[in-house]
Amino acid sequence: MSSGALFWLLVFGLAALVFFGIALVVTIRGVSDLRDFLGK
Amino acid sequence: MNFGTIDWVLTIAYLLASVALGIWARRYVENLAGYMVAGRKVKISLGIATFVATELGTVTYVYYGELGYVAGFSGFIIGILAMIAYTLVGRTGFIIENLRRLRVMTIPEFYELRYSRRIRLLGGIILFLGGVLNMGIFLKFDGIFLSEVMGFGPGALAVIMTIMVVIVVVYTILGGMFSIVITDFMQFVVLAFGMLVATIAVLIRVDLGSISAAVSNTLGAAGVDPFANPRFGWTFVLWIFVSSLAAGALWQPGASKALASESPKVAKKVFFWTGLTFAGRAMIPMFWGVAALAFFGPGLSSAAAMPRLLGAIVPPGFLGLLVAGMLAASMSTYSAYLLAWSSVLTRDVIACARPEDFPEKTTVAITRFVAGVIGAFLLVFGLWYRIPDTAFQYLYVTGAMYTSGALGCVAAGMYWRKANNVGAYASLIMGAAAPLGFLLLEKSREVLPAWLSFITDVNIAGILSFVLAALGMIVGSLASQRNSPPKQLTYLE
């Protein structure tokens, strides 16, 4: 594997981890936000 | 074709749930602020979900997938640029914090507060035209994606797309931003899951070594170095960064999430955390595109390669989840765009052509009608327009028609006391000129004189629009301080 490809694959891995990590947290915490949003 | 009965059940169940939820939410709409900015009570997590869902449509997957297929890893730079730009906006509150403090509902409203009603009208027209042209190609790309993944011909697809647009128009018309926020949350969860399914399927079926080899053999250095790739280079990088910064702060569908936030502080946090997801938003579909290059080799239709890969490797059952995820992504984007552009046309164009605003109820009624008309336009325009260059660059150049002038007017209006009406007019008109020139002349580049051919380079047209808009604002304002004294702002929060 070329060093250029390896570099971008590592960057991709990090970006995907951040994306799915934030998606997980937002899904869990968003339920309570949604309850507040509809409750007021 | 892997699309089976279980996939159909999942897709239809998802569509029905969207309709039910969207229509149910209309009970929360009590007034204009409720309809357009959900009563300004959106908290951080909900704000992030609705923002990400708005900014991720099937068209996003297709144009990024296309870039991955034709440019390899080089395009990944776009994700990094977008992430830096959006997190910067979130961290500093650049523009969005003050817009939220002013309690405006659309960006052109700012033009009236800081400049004049006529500038609001001009800004509203440019924003509306740029926005609707930008949105015009979404359906075409959704069609490409779904036909490759589901394996249907154009007839069946037209029916699916029409049903989807009708559903979105109905719930957006009825529930406005309330429906959008609620459905966006569900759509965010579904689309993130769909993306996870697709990414895992790609990682299982296409090994990383073959991806690296395909990029190296097909594209050479241009596949890993954005500055060695003729499609990109420094002009492109500069344009995309400035454009992402401007779009981050000023693109109405996205900015409306800041305007709907509970407070200016929440708006900043929503932008910061959403900004962090933007590297993945670009790189994940691009990675699927690069994998399609390894899987099929070069030579396929660039827009169809990535969806064809997913259609071939995602197993039945999961394919239904993926399609539901893509429909979710599209619907959340359409609904936000429909509300954004119908609000702008109603409040900033139709109402501004009169001396006074309409009453709230009339504004909501006209906005609903306009949303229906835009939905019909989408179906027609999406079928016949031939898209120049890659979709990615088309979207950025139509966006630049508005964002360049808006950046000049709003940034200068907030942070430069000398900004005045003449500067605002010059900025809006000069900012729209270069992208408009590109769109009009791009198809007849063979007959253009040599000195004018630069305008058919999408990257140059894009960056030029920002330079012209800034020049227009600075020169126009400085040259007319006596005749047109600047007006100052009063913040409400």
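In this structure, 24 residues of chain A are in contact with 32 residues of chain B, two residues being in contact if their C-beta atoms, placed from the backbone, lie within 7 Å. The side of chain A that touches chain B divides into 16 nonpolar, four polar and four charged residues. The model is predicted, and its local features need pLDDT of at least 70, side-chain atom pairs count only at pLDDT 80 or more, and totals for chains, interfaces and linings use all residues. Residues are numbered from 1 along each chain as its sequence is written, while chains are lettered from A in the order in which they are written.

Within chain B, helix 11 (residues 208-219) and helix 14 (residues 264-296) pack at an angle of about 80°, with their axes 8 Å apart. Helix 11 of chain B is therefore roughly perpendicular to helix 14 of chain B, a term that covers angles of 65 to 115 degrees. Among the residues that make this contact are Ile211(B) and Ala214(B) of helix 11 and Ala291(B) and Leu293(B) of helix 14.

Two loops of chain B deserve attention. Ile95(B), in the loop between helix 5 (76-92) and helix 6 (96-101) of chain B, has a positive phi of about 70° although it is not a glycine. Ile95(B) is buried, with 25 other C-beta atoms within 10 Å; a residue is buried at 20 or more such atoms, exposed at 12 or fewer, and partly exposed in between. Arg103(B), in the loop between helix 6 and helix 7 (107-114) of chain B, has a positive phi of about 60° and is not a glycine either. With 14 C-beta neighbours inside 10 Å, Arg103(B) counts as partly exposed.

Key: Axes fitted to C-alpha atoms, helices over the stretch in contact; angles between N-to-C directions. Helix = DSSP H or I, 4+ residues; strand = E, 2+ residues; numbered from the N terminus. Parallel < 35°, antiparallel > 145°, perpendicular 65-115°, else oblique. Nonpolar A, V, L, I, M, F, W, Y, C, P; charged D, E, K, R; others polar.
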